[in-house]
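Me: Hello! I am new to this structure and would like to walk through it with some questions. Could you show it to me?

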Amino acid sequence: MAITITMGIQKGGCGKSTTTGILSYLLSQDSYKVLAVDMDSQGNLTELLSKQPSNEFIGKSVLEAMQQGDVKEYIVPVAENLDLLPANNFLATFPRWIYTGKTYRGETVPFRGNPSLILDSTLDQVRDEYDFIVIDTPPSLSEQTTNALCASEYVVVLFECSNWCYSAIPNFMDSVNGAREFGKRGTKVIGILRTMNDVRRSDAKAFNEMIEEDYPNEVFKTIITRKAPIGRLSLYGFDQNAELKQALEQYESFYKELIQRVKGE
């Protein structure tokens, strides 16, 4: 049975898609069978892992998987031990479909059930086929994010070292608590990953220390600093990337911490 982990925070620019992609890659390299799920209509995770524009997956995405209730038809193998459930901009119509039954194609596909558990029930079809399912989320507390949280046992909170991200943390923690209450997975925060750290800025250092004081048991020791090879991962990907070792170096420390916490549960 797969362990499901969501990467989340409702603020943009915190490294959710990059972290989801890297974690999925590292797990697959460690011989775990992994399904990466893109629940962000921007489709950045989809493009990172598939090396194709997200619009290539129109009609062949996580949205259709949820609407049709048949996830296996929409899973895309992208590497050894690594599959992808892709997304594109039409995932933004997910709430409209839930509440009106209308798809972006103008079809009527009525939805009945708990609107927060659609992804959870969809993934139930394949949980026995994977060791890990890793979910990327949009920068909002939307239906997509709620579904991801309710489908997960664990949540990694992404903390970009800034004032606006600091102020977003309490509301996101409330959302995780809500998923634990209304979902079926006992959703909990497995850790807070500090990302996008600019070592030149004193305020970033201060926010790193503040979040550690507020959540001493949750923060990972690893702090991801801004590095060009990480930023260029979206350009070069994981195959034949001369900078890959540099891009993954910090994330390998996070990966070790995460696995220790998951196995220690």
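Reply: Let us begin with a term: a residue is buried under 20% relative accessible area, exposed over 50%, and partly exposed in between. Please keep in mind that this is a predicted model.

Me: Thanks! Is Asp-124 buried, partly exposed or exposed?

Reply: The relative accessible area of Asp-124 is 42%. Buried needs a value under 20% and exposed one over 50%. Asp-124 therefore counts as partly exposed.

Me: Which residue forms a salt bridge with Asp-124 at 2.7 Å?

Reply: The closest N and O atoms of this pair are 2.7 Å apart, and the partner is an arginine, Arg-185. The pair links distant parts of the chain, 61 residues apart: Asp-124 is in the loop between helix H5 and strand S5, and its partner is in the loop between H7 and strand S7. Salt bridges that share partners also join both residues into one network with Asp-120, Arg-127 and Glu-153. The residue you asked for is Arg-185.

Me: Where does helix H7 bend?

Reply: Helix H7 covers residues 163-182 and reaches 30 Å from its first C-alpha to its last, close to the 28 Å expected. The helix bends by about 35°, and a proline, Pro-170, follows within four residues of the bend. The bend is at Ile-169.

Me: Which strand pairs with S4 in the antiparallel sense?

Reply: S2 joins S4 through 4 bridges, but these two run parallel, with Val-34 opposite Leu-82. On the antiparallel side there are 3 bridges, and Val-76 stands opposite Leu-84. That pair forms a hairpin with 2 residues between the strands, where Asn-81 takes a positive phi near 70°. The antiparallel partner of S4 is S3.

Me: Which residues of S4 are buried?

Reply: In a regular strand the side chains alternate between the two faces of the sheet. In S4 both faces are covered, and the residues on each side are buried. On one side these are Leu-82 and Leu-84, and on the other Asp-83 and Leu-85.

Me: Which residue forms a salt bridge with Asp-83?

Reply: Asp-83 has 8% relative accessibility, so it counts as buried. The closest N and O atoms of the two are 3.6 Å apart, and the partner is Lys-33.

Conventions. Residues are numbered from 1 along each chain as its sequence is written. This is a predicted model: local features need pLDDT of at least 70, side-chain atom pairs count only at pLDDT 80 or more; totals for chains, interfaces and linings use all residues. Side-chain values use heavy atoms; hydrogens and water are left out. The expected span of a helix is 1.5 Å times one less than its number of residues. The bend at a residue is the angle between axes fitted to the seven residues ending there and the seven starting there. Buried means under 20% relative accessible area, exposed over 50%, partly exposed in between (1.4 Å probe, protein chains only). Two strands pair if DSSP finds at least two bridges between them. A salt bridge is a side-chain nitrogen of Lys or Arg within 4 Å of a carboxyl oxygen of Asp or Glu.
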